[in-house]
Amino acid sequence: MSLAVSITDLTKTYASGHVALKPVTLDIAKGEIFALLGPNGAGKTTLISIVCGLVTPSGGKVTVEGHDIARQYRAARTAIGLVPQELHTDSFETVLATVSFSRGLFGKPRNPALIEQLLRDLSLWDKRDAKIQELSGGMKRRVMIAKALSHEPQILFLDEPTAGVDVELRRDMWALVRRLRDTGVTIVLTTHYIEEAEEMADRVGIISKGELILVEDKAALMTKLGRKTLTLSLAEPLGDIPAALAAWPLTLHDDGHALQYEFDATADHNDVSALLRALDAAGIGFKDLNTAQSSLEDIFVSLVHDRKDAA
Amino acid sequence: MTRFNAQGVWAIYTFELARFRRTLLTGLLTPVITTSLYFVVFGSAIGSRMTEVGGVPYGAFIIPGLIMLSMFTESIFNASFGIYMPKWSGTIYELLSAPISSTETVLAYVGAAATKSTLLGLVILATSTLFVRIEIAHPVAMLAFMLLIAVTFSLFGFIIGIWAKSFEQLQIIPLLVVTPMTFLGGAFYSIDMLPPAWRTVTLFNPVIYLISGFRWTFFGTADVGFAVSLAATIGFAALCLVVIAWMFRTGYRLKS
């Protein structure tokens with residue numbers, strides 16, 4: 001496997017004593033879209049900040065396109081384009097000037113045709129002479145994406161790309177990401193939305209409290225994460241589960257007042273409607289029903305537990 | 001790939017000069033007006049009562065000090081502002097993630113700041129010729145020393161820019177340390193005019209050596225030898241370089 005990013009035993013402890021990364025080992029293949037999924041404060045930004053050169057690692061080794069980020073930082077950084085989470089822009093510069101500046105900063109010769117195409121792709125060409133401070137938040141984010149792509153990176157890092165982004169920009173951004181992937185660019189994005197990882201990524205890594213809990217193909221992960229719980233508040237409490245309903249993995253709660261059924265919401269057909277018909281046939285009435293998807297935090301907790309149990 | 005990132009240095013250098021261009025009017029008008037005021041106050045008002053210092057007319061005598069005063073302040077201000085702004089706005093992320101070495105970064109920021117303050121020094125010199133007639137004894141040495149001062153104080157400013165955590169801290173060293181030291185460093189008088197005890201105290205002020213050396217390039221005479229001045233300036237520049245190298249190596253207030 002040809003690697004875009006290879007991370008081995010990477011650790012980071014901040015001066016405050018906060019352990020942001022426990023030893024993390026991760027390989028990202030060339031040309032894939034990799035999503036780093038985790039709650040706020042899990043270490044996602046620290047991880048990509050180290051790879052991009054913004055944060056000094058405490059230990060471990062990182063290579064980008066085969067180049068060590070410390071010893072061969074020029075080659076490693078030339079390969080990377082970074083779009084950070086916060087909107088950091090030079091207010092008084094024009095769009096065209098700031099994007100051209102980025103290309104120069106990364107050591108690439110001027111290429112006005114390429115910059116023009118990039119700005120057109122991001123619907124920024126009409127705004128090329130506008131000062132950045134005059135732009136809306138969404139436009140500023142487009143500018144930051146243009147800056148990150150101005151030096152034709154082989155790997156694009158997107159830190160929380162859709163935080164505070166409107167629907168149109170989100171759609172444009174995903175279209176752009178797919179186009180970039182088609183040209184062989186590796187994409188690494190961080191998010192705390194399962195949906196986002198699901199929509200975009202080929203592979204997903206889950207990080208929590210500085211630990212990479214698991215890395216899996218999206219499809220496999222979605223089955224694991226796509227579980228829902230149906231809770232029925234019963235009209236009359238049940239002593240135990242009737243034999244007629246033995247086909248479903250049901251559990252009784254709340255002194256027999258509540259019946260719970262866990263199912264896979266991503267499956268093409270599940271048995272929820274059949275269960276309801278069976279309840280009706282058995283003469284079990286219910287006052288209310290609700291379905292709930294386990295929160296990402298719940299999933300993390302259960303994943304961490306699973307791992308500890310397995311160990 | 002270990003080649004010099006010339007494109008990157010040029011990008012930062014022109015970016016910084018563009019910032020200067022945007023504020024060209026205030027950037028040049030302010031020192032011109034200030035210089036004129038100094039000439040009116042010190043040159044005319046005081047100079048009319050005190051005609052010569054060491055054989056040099058007082059009006060001409062204060063020119064090197066005036067140029068130094070502005071160049072110290074402007075070099076520090078330009079270089080500190082240049083590196084502080086991206087830290088403040090957050091755009092520093094791009095610099096840190098770019099394939100550019102610390103030497104190249106310093107070269108670009110300090111080069112731009114030094115360019116600006118050298119231009120400023122020349123503008124002040126030109127302005128002062130409107131008030132007094134001067135002949136420069138060693139023009140090449142004058143230009144070289146001016147450039148050296150611009151680079152040295154831009155290095156110092158770069159350190160302040162990295163160190164500062166607020167706009168207030170950015171101002172504090174130039175206002176509280178550099179300006180008083182310059183005034184007490186013989187910008188407007190010769191240390192021979194002081195009582196002996198104060199003369200000794202003054203010799204501990206490093207600015208004395210800078211102004212004195214610069215004055216020598218104008219008039220061929222000075223309070224302390226030119227070689228001493230040159231050594232002091234280069235020593236200070238070297239010290240700044242050591243501090244900057246340490247800052248980049250440890251990531252001091254740049255990287256966590």
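**Hairpin, chain A.** I started with the hairpin of β12(A) and β13(A), which has four residues between its strands; there Asp254(A) takes a positive phi near 55 degrees. The model is a predicted one, in which local features need pLDDT of at least 70, side-chain atom pairs count only at pLDDT 80 or more, and totals for chains, interfaces and linings use all residues. Residues are numbered from 1 along each chain as its sequence is written, while chains are lettered from A and ligands numbered from 1 in the order in which they are written. I take helices (H or I, at least four residues) and strands (E, at least two) as DSSP runs, numbered from the N terminus. Strands β12 (residues 250–253) and β13 (residues 258–264) of chain A run antiparallel and are joined by four bridges. Two strands pair if DSSP finds at least two bridges between them. His253(A) has Ala258(A) of β13(A) opposite.

**Sheet, chain A.** Next I looked up an open sheet of six strands in chain A, with mixed pairing and the order β6-β7-β8-β3-β9-β10. Its edges are β6 (80–83) and β10 (211–217) of chain A; each has a single partner strand, so one side of each is left without a neighbour in the sheet. On average, neighbouring strands are turned by 15 degrees against each other, direction ignored. The axes are lines fitted to C-alpha atoms, for helices over the stretch in contact, and angles run from 0 to 180 degrees between N-to-C directions. Within this sheet I checked β3 (residues 33–37) and β8 (residues 186–191) of chain A, which run parallel with five bridges between them. Ala35(A) stands opposite Leu189(A) in β8(A). Helix α5 (residues 137–149) of chain A packs on the sheet and touches β6 and β7 (155–159) of chain A, its direction making about 170 degrees with that of β6(A).

I then compared burial (buried: 20 or more other C-beta atoms within 10 Å of the residue's own; exposed: 12 or fewer; partly exposed: in between; C-beta atoms placed from the backbone). In helix α3 (residues 95–105) of chain A, nine of the eleven residues are buried, so the helix is largely enclosed by the rest of the structure. Among them are Val95(A), Phe101(A), Arg103(A) and Leu105(A). The buried residues of α3(A) pack against α4 (112–121) and α5 of chain A, together with α1 and α4 of chain B. Just after α3(A), Gly107(A) takes a positive phi of about 80 degrees. Of the ten residues of helix α9 (residues 272–281) of chain A, one is buried, so α9(A) lies largely in the open.

**Interface.** I counted 23 residues of chain B in contact with 29 residues of chain A, contact being C-beta atoms, placed from the backbone, within 7 Å. On the chain B side, α1 (6–22) and α4 (92–97) are the elements that give two or more residues. The largest share, seven residues, comes from α1(B).

**Helix pair, chain B.** Last, I looked at α2 (residues 24–46) and α5 (residues 102–128) of chain B, whose axes come within 10 Å and cross at roughly 40 degrees. That makes α2(B) oblique to α5(B) (under 35 degrees is roughly parallel, over 145 roughly antiparallel, 65 to 115 roughly perpendicular, the rest oblique). The residues that meet include Leu28(B) and Phe39(B) in α2(B), and Leu120(B) and Ile124(B) in α5(B).

Terms used: Contact = placed C-beta atoms within 7 Å.
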